[in-house]
Amino acid sequence: MKIHTIPEILGEVPFFRDLKPEYREFLAGCARNVHFKAGEFLLLAGKKATHFYLIREGHVALEMEAGNKVFSIQTIGEGQILGWSWLVPPYTWHYDARAVEPVSAISFDAKCVREKCEKDPVFGYELLKRFSRLIAERLMATRIQMADLYQ
Amino acid sequence: MARRTPKTHTPGPDDAPMLLDVEGLGRLIALLAEEGYVVLGPRVRDGAVVYDEVRRVADLPVGWTEEQAPGRYRLVRRDDEAVFGFTLGPHAWKRSLFPPRRRLWRAERSEGDGAFTIAEEPVEAPKQAFLGVRACELAAIAVQDRVFMGGAYVDPVYAARRANTFIVAVNCTQAAATCFCASMDTGPQARSGFDLALTELLDDDRHVFLLEAGTETGRSFAARLSAAPAVPEDVAAARAVVARTAEALTRTLDTDGIRDLLFGNLDHPRWDEVASRCLACTNCTLVCPTCFCSTVEDTTDLTGAVAERWQTWDSCFTMDFSYIHGGSVRKTHRARYRQWLTHKLASWIDQFGTSGCVGCGRCITWCPVGIDLTEEVRAIRESADIPPHTTSANQAQAGR
Amino acid sequence: MQPPTPLQTAAHPMTPVSGRVLRRRWETDDTFTLDIEVAGGRPFPFAPGQFNMLYLFGVGEVPISISGDPDDPSKLTHTTREVGVVTRAMRRLRPGDTLGVRGPFGSAWPVSEAEGRDVVVIAGGIGLAPLRPVVYHLMRHRLRYNRIVILYGARSPEDILYAKELGQWSARLDVEVLVTVDRAARRWRGNVGVITRLIPRAPFDPENVVAMVCGPEIMMSFTVLELHRRGVASERIHVSMERNMKCAIGLCGHCQYGPHFICKDGPVFRFDAVEDLFRVREF
């Protein structure tokens with residue numbers, strides 16, 4: 001089995017695929033492979049958003065506690081990005097994210113990426129375009145969910 | 001729609017028009033009755049001209065006419081003895097072809113296993129003669145023929161009644177202020193769809209009816225009336241009277257591109273404006289000679305052993321009409337008026353290849369607040385978001 | 001392919017034939033399935049997507065889609081939710097009870113047209129019931145189709161219809177089944193999120209797929225937007241519409257939808273036929 005390097009993986013994921021190779025190289029420099037056991041938390045509401053994830057395997061549930069019950073409100077799986085609060089002050093997470101099953105992911109250091117964005121606005125804009133699309137998609141999904149679609 | 005000149009009825013060689021005097025009209029009524037027809041015609045009742053059984057000329061609204069305007073109808077005396085010197089009352093002939101309420105079947109449940117057997121209601125179709133059918137009403141009957149007999153499913157009661165109906169048309173010698181048949185190309189001259197047609201000729205010298213046959217059955221009846229043959233001048237005089245009626249029409253509806261106009265403007269503010277006046281009372285649909293919607297009611301008797309299904313007229317103006325689980329699709333008057341008008345004038349064309357409006361104006365007269373569909377169409381046309389021919393409903397939605 | 005026309009037993013098309021309940025089972029808290037045998041054991045051929053009018057003695061009549069196997073015309077299967085007077089009374093039916101049946105009515109899902117192509121079946125809530133005959137057909141004639149994808153969304157794990165069968169279908173290697181719910185308690189191990197989120201990565205070729213979509217209008221509306229975004233043209237999308245129905249034979253006028261009568265021109269429409277009206281409010 002071939003072991004893929006992080007830049008190779010970024011080159012295959014739709015989210016990063018059409019970034020310039022040098023930018024992918026740079027992102028890879030801020031990234032490392034991480035693994036979570038089922039039930040482990042990747043994010044905790046209220047904590048500092050110091051990183052974001054690209055999920056490689058398994059899926060993660062965004063959870064919210066309401067009325068003493070914990071609800072899963074969205075799941076994020078293979079090839080998808082988890083976390084955008086690292087881009088928006090005050091850089092804190094809004095939900096808990098828990099591994100539903102064993103999860104492998106690539107973790108990106110938020111500070112490292114943010115600093116690069118400030119220094120290189122072209123890179124910053126490219127990244128912002130991708131994240132704003134992601135945020136818009138999540139917002140749309142949430143609005144549709146509010147419509148109680150299957151009533 | 002460019003106003004087309006009504007095609008004149010061209011008599012064939014065997015189709016020699018005749019002249020009938022008032023007594024002759026009485027003989028026609030008697031002859032129809034003798035042949036087993038229930039003769040239905042205009043009568044004055046409760047301050048309006050309605051259709052009911054007639055046995056003699058005196059039963060007809062002799063010497064009466066009416067004043068009509070949006071939301072207004074009043075019978076007034078004429079200064080002559082014209083028999084058909086009025087236009088239209090609230091009744092349309094549809095009630096005699098498509099009864100307002102009838103039982104479809106009756107089911108009985110057996111005591112033992114709860115199974116039930118259904119007995120269908122026998123189709124009742126008495127021989128009936130309609131006397132005094134106006135050109136717009138002939139068109140309305142033709143429209144309902146397509147609805148009830150032109151598709152994959154035929155309404156058996158309508159079809160049977162229609163087959164047993166003899167039609168005596170009457171050409172209009174005057175127009176009501178609410179009439180717009182010429183715009184809809186349906187009148188005032190009766191062109192087809194009748195067995196016999198009458199045109200009343202009344203002046204100082206004479207009171208007669210030009211009698212023309214439209215079918216073989218009509219001809220055979222005409223032959224038995226011992227009427228005098230008409231001369232070309234009589235025919236010309238009859239045509240002239242109807243031509244004057246056409247000229248007297250004051251209301252118009254521009255139907256040019258109307259389908260695209262209405263479907264391109266489903267979110268026009270005019271729908272809100274008309275909704276602020278519309279009471280959703282259903283009057284327009286009940287008086288309309290083409291409205292055909294019906295519903296069914298399932299009932300049981302007190303023992304619960306007998307169930308029946310009844311069919312009754314329904315109206316798209318009711319809240320229940322569009323009910324599906326979770327509520328009505330068309331909750332607002334705006335949506336219901338829009339449904340009615342777009343169906344009548346636009347989607348009817350897709351469904352049945354003809355407009356659903358014949359220009360009789362009943363919906364204008366009998367609307368309690370005087371909503372006038374010709375005015376509504378004009379208002380939309382004059383301020384359309386999108387002119388006809390360039391539209392799709394989607395474009396109208398694009399700004400949402 | 002012309003869908004089957006109603007069983008003709010009566011002079012008037014408004015007269016039902018009698019049927020006997022063979023079995024009733026609960027699918028979810030408020031949804032149940034009836035198996036019905038038509039009087040005399042007569043076979044009842046239908047095409048996937050068609051519906052019947054079911055009559056309950058003295059109570060009333062409602063349109064319900066047929067959710068059984070089109071290759072087994074020996075019994076009729078209907079899944080319905082208790083939402084009104086008639087369906088609430090129907091839940092009390094027991095094996096042996098009698099009801100009235102008129103049908104089958106309406107247009108069919110384009111299962112023949114989809115041969116040789118990818119098929120994506122997208123259902124929301126009880127919208128899986130009218131599509132189940134399609135799934136049965138696709139499975140039985142698996143080789144006629146290229147990839148088969150079933151996307152299903154429900155409000156919660158408890159609201160999932162035909163859960164056992166969904167499990168069986170997803171166990172097959174030649175069918176991709178993706179289920180998602182709007183919200184779930186922690187024990188749910190599947191997807192959470194709206195059904196539209198399943199579309200971007202579902203394995204089908206947008207240029208060569210036939211999409212069959214059924215669910216509440218709002219669900220179909222967002223689903224179609226996402227299919228368009230994926231590059232699926234309106235001509236390759238089919239939806240099933242719902243309006244009030246009284247006669248089911250195009251005469252009573254209730255189910256009008258612009259130029260269409262849902263009962264005879266639908267309920268299944270190619271999307272481009274209804275696209276212009278689809279998002280007009282209260283239409």
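Between chain C and chain B the count is one salt bridge, a term used here for a side-chain nitrogen of Lys or Arg within 4 Å of a carboxyl oxygen of Asp or Glu. The bridge is formed by B:Arg309 and C:Glu61, whose closest N and O atoms are 3.2 Å apart. The structure is a predicted model, in which local features need pLDDT of at least 70 and side-chain atom pairs count only at pLDDT 80 or more, while totals for chains, interfaces and linings use all residues; side-chain values use heavy atoms, with hydrogens and water left out. Residues are numbered from 1 along each chain as its sequence is written, and chains are lettered from A and ligands numbered from 1 in the order in which they are written.

C:Phe57, C:Leu251 and C:Glu282 account for 20% of the area that chain C buries against chain B, more than any other three residues. There are also 15 residue pairs in polar contact between chain C and chain B, with both residues at pLDDT 80 or more. A polar contact is a pair of N or O atoms within 3.5 Å; within protein, one must be able to donate a hydrogen and the other to accept it, and residues adjacent in sequence count only if both atoms are side-chain atoms.

Helices (H or I, at least four residues) and strands (E, at least two) are DSSP runs, numbered from the N terminus.

Of the two pairs of chains in contact, chains B and C share the most contacts, whereas chain A and chain B do not touch, their nearest C-alpha atoms being 8 Å apart. Between chains A and C, 24 residues of chain A are in contact with 25 residues of chain C. This pair buries about 2,400 Å², with 51% of it on carbon and sulfur atoms, and A:Gln145, A:Leu149 and A:Tyr150 supply 31% of the area that chain A buries against chain C, more than any other three residues. Two salt bridges are counted between chain A and chain C. C:Arg155 and A:Asp148 form a salt bridge, with the closest N and O atoms 3.1 Å apart.

Strand β5(A) is joined to β10 (residues 184–185) of chain C by two bridges, and the strands run antiparallel. In β10(C), C:Ala184 is the bridge partner of A:Ser72.

Within chain C, seven strands form an open sheet of mixed pairing, in the order β11-β9-β8-β7-β12-β13-β16; two strands pair if DSSP finds at least two bridges between them. Strands β11 (191–192) and β16 (268–270) of chain C stand at the edges, each with a single partner strand, so one side of each is left without a neighbour in the sheet. Strands β8 (residues 148–154) and β9 (residues 176–181) of chain C pair in the parallel sense over six bridges.

As for confidence, chain B has a mean pLDDT of 91, and 92% of its residues reach 70 or more; pLDDT is the predictor's confidence in each residue, from 0 to 100. Residues 1–13 of chain B stay under 50 in pLDDT.

Note on methods: Contact means heavy atoms within 4.5 Å. Buried area is the accessible area (1.4 Å probe) that two parts lose on being put together, summed over both.
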